[in-house]
Amino acid sequence: MPPSALASSAASAIASARASASAAASSAAARASEFEASVDAEAARAGAAAENALKNVQGRGNAVSEVSVMGLPRNQTGGLLAALVTITNKTNQKASYAVQVDFADSTGKVVETRFVGAENVEPGHKEQPIAFSRQPQGAHLTARLAKAQRY
């Protein structure tokens, strides 16, 4: 093959590889976006189910001793205010849990309430959903367990 034909063939192969790489990147971005939307939808569904399960609960609920809440460092959450909720099924049968996390300011005033849950937790097992605040990144709030109900 003459040098000019070889160069033309190489240029064509490079262009084809770039087009394939671009298409693959676009496809990966679309899949990532679909996954993120799916995760967001599941979190919204679980939060709504937890809120519904807690709406008629008097007091703090029957599972406060099975749940703990711990704030997460903002450098691990992309700057967002978030709390790790640890739910441990201490019963001898499968159970579902609904948890209300309140985010309070320095005076103790509740600024925001979030709901998380875990369904069908096996006896002795743990689930760790995360409650994310929607408050501005600069907000100085503390997450605290308000209610926890096993059902």
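Gln100 is found in strand 3 (residues 95-104); strands are DSSP runs of E with at least two residues, helices are runs of H or I with at least four, and both are numbered from the N terminus. The model is predicted: local features need pLDDT of at least 70, side-chain atom pairs count only at pLDDT 80 or more, and totals for chains, interfaces and linings use all residues. Residues are numbered from 1 along each chain as its sequence is written, and side-chain values use heavy atoms, with hydrogens and water left out.

**Gln100**

- Gln100 is buried, with a relative accessible area of 13%, where buried means under 20% (1.4 Å probe, protein chains only).
- The side chains of Gln100 and Asp102 are joined by a polar contact of 3.0 Å; such a contact is a pair of N or O atoms within 3.5 Å, one able to donate a hydrogen and the other to accept it.
- Beyond its neighbours within four places in sequence, Gln100 is in contact (heavy atoms within 4.5 Å) with Leu54, Thr113, Arg114, Phe115, Arg144, Leu145, Ala146 and Lys147.

**The cavity**

- The whole structure contains 1 cavity of 30 Å³ or more, a cavity being a set of points on a 1 Å grid where a 1.4 Å probe fits but cannot get out.
- The largest cavity holds about 40 Å³ of space, the volume being that filled by probe spheres set on the grid points, which are joined across faces, edges and corners.

**The lining**

- Arg45, Ala46, Ala49, Ala50, Tyr97, Gly117, Ala118, Glu119 and Tyr151 line the largest cavity, lining residues having an atom within 4 Å of a point.
- Helix 1 (3-54) and strand 4 (110-121) each give two or more residues to this lining, and helix 1 gives the most, with 4 residues.

Terms used:
1 Å grid on protein atoms, 1.4 Å probe; cavity = no way out; pocket = protein on both sides within 12 Å on 5 of 7 lines; lining within 4 Å. Buried < 20%, exposed > 50% of the residue type's maximum accessible area, 1.4 Å probe, protein only.
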